[in-house]
Amino acid sequence: MPLGDLFAGKATPAVENLAPGAVLLRGFAAGKAAEMMAALERVVAAAPFRRMTTPGGYVMSVEMTNCGQVGWVTDRRGYRYQVTDPATGKPWPAMPPEFARLAARAAGAGGYEGFVPDACLVNRYEPGARLSLHQDKDERDFDAPIVSVSLGLPAVFLFGGARRSDPTRKIRLESGDIVVWGGPTRLFFHGIAPVADGEHPLTGRCRINLTFRKAL
Ligand code: SIN
Ligand code: FE2
């Protein structure tokens with residue numbers, strides 16, 4: 001299959017190598033964005049967005065929820081994955097099949113065949129919300145990559161290196177862009193600069209990010 005066929009709604013693939021093991025797939029999800037938002041509405045109806053507290057006692061500016069077998073949570077006890085949503089006491093909603101399909105296709109385009117995510121963290125950024133530099137390291141499996149889908153308002157993704165003090169690249173992410181990182185970059189530091197105010201036809205006054213991982 002020609003690589004272009006992998007790109008929903010895009011004739012020309014736009015793969016930008018960020019580092020060995022990390023790629024930016026510009027517009028990869030653009031043709032699926034409305035479908036993703038519709039599926040997300042059903043997830044959020046069962047597991048509403050909420051602002052979680054870090055172990056240090058800070059309330060995060062980003063609102064979060066999850067779908068999949070396990071969900072990422074933080075509170076005063078620490079960061080972890082759990083089967084139940086602490087807000088409802090019920091299991092997280094199942095991962096919509098269209099989510100899992102898109103994540104697997106994007107991983108494949110990034111060089112990671114056979115990606116089967118079991119967790120999807122959903123981040124919602126209102127203007128001013130940010131995510132400070134961090135590593136994704138609460139998963140059991142670092143062999144699988146991370147697939148990160150951007151929808152709605154643009155943002156500046158900070159992509160650093162293995163050490164917190166490494167210089168960060170500033171990458172503008174638009175709605176439909178997907179970043180895939182794994183292999184030698186799996187534990188690279190990354191974050192999101194404060195989101196600028198604006199309106200987006202897909203999401204209104206916010207940015208949505210779907211982060212797919214294999215946690216178990
Ligand atoms: C994350 O690191 O969990 C989210 C990154 C993003 O919002 O693009
Ligand atoms: Fe992250």
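Q: Which residues count as contacts of His190 once neighbours within four places in sequence are left aside?
A: In this predicted model, they are Ser132, Leu133, His134, Gln135, Asp136, Phe157, Leu158, Phe159 and Trp181. The test is heavy atoms within 4.5 Å. His190 itself lies in strand β12.

Q: Why is His190 called buried?
A: Its relative accessible area is 5%. The label needs a value under 20%, so His190 qualifies.

Q: What makes the side chains of His190 and Asp136 a polar contact?
A: The two side chains come to 3.1 Å. The limit for an N or O pair is 3.5 Å, so the pair passes.

Q: Is Asp136 buried or exposed?
A: Asp136 is buried, at 4% relative accessibility. Exposed would require over 50%.

Q: How do you know which protein atoms are donors of the iron ion (ligand 2)?
A: His134 (NE2), Asp136 (OD) and His190 (NE2) lie 2.1 to 2.2 Å from the iron ion. The cut-off is 2.8 Å, so these atoms count as donors. Along the chain, their spacing reads H-x1-D-x53-H. Asp136 sits in the loop between β7 (131-134) and β8 (146-152), and His190 in strand β12 (residues 190-192), so this pair ties together parts that are 54 residues apart in sequence.

Q: Why is the site of the iron ion (ligand 2) called irregular?
A: The angles among its four donor atoms run from 89 to 175 degrees. For comparison, the ideal angle for four tetrahedral donors is 109.5 degrees.

Q: Which residues are around ligand 1?
A: They are Asn123, Tyr125, Leu131, His134, Ser148, His190, Ile192, Arg207, Asn209, Thr211 and Arg213.

Q: How do you know that Tyr125 has a polar atom by an oxygen atom of ligand 1?
A: A polar side-chain atom of Tyr125 lies 2.5 Å from that oxygen. Arg207 also places a polar side-chain atom 2.8 Å from a ligand 1 oxygen. For Asn209 the distance is 3.2 Å. Against a limit of 3.5 Å, each therefore counts. Alone, ligand 1 exposes 260 Å², and the protein buries 98% of that.

Q: Why is Ala106 called buried?
A: Its relative accessibility is 0%. That is under 20%, so the label holds. Ala106 is placed in helix α2 (residues 97-109).

Q: What does Ala106 touch, not counting residues up to four places away in sequence?
A: It touches Leu25, Phe28, Val147, Ile178 and Val180. Its C-alpha atom is 9.3 Å from that of Val149, 43 residues apart along the chain.

Definitions and conventions
Residues are numbered from 1 along each chain as its sequence is written. Chains are lettered from A and ligands numbered from 1 in the order in which they are written. This is a predicted model: local features need pLDDT of at least 70, side-chain atom pairs count only at pLDDT 80 or more; totals for chains, interfaces and linings use all residues. Side-chain values use heavy atoms; hydrogens and water are left out. Helices (H or I, at least four residues) and strands (E, at least two) are DSSP runs, numbered from the N terminus. Buried means under 20% relative accessible area, exposed over 50%, partly exposed in between (1.4 Å probe, protein chains only). Donors are N, O and S atoms within 2.8 Å of the metal (3.2 Å for Na, K and Ca); water is not among the atoms, so sites may look incomplete. Four donors count as tetrahedral if all angles lie between 85 and 135 degrees; four count as square planar and six as octahedral if opposite donors are over 155 degrees apart and all others between 65 and 115; anything else is irregular. A residue is near a molecule or strand if one of its heavy atoms lies within 4 Å of it. A polar contact is a pair of N or O atoms within 3.5 Å; within protein, one must be able to donate a hydrogen and the other to accept it, and residues adjacent in sequence count only if both atoms are side-chain atoms. Accessible areas come from the Shrake-Rupley method with a 1.4 Å probe; for residues, only the protein chains shown count as cover.
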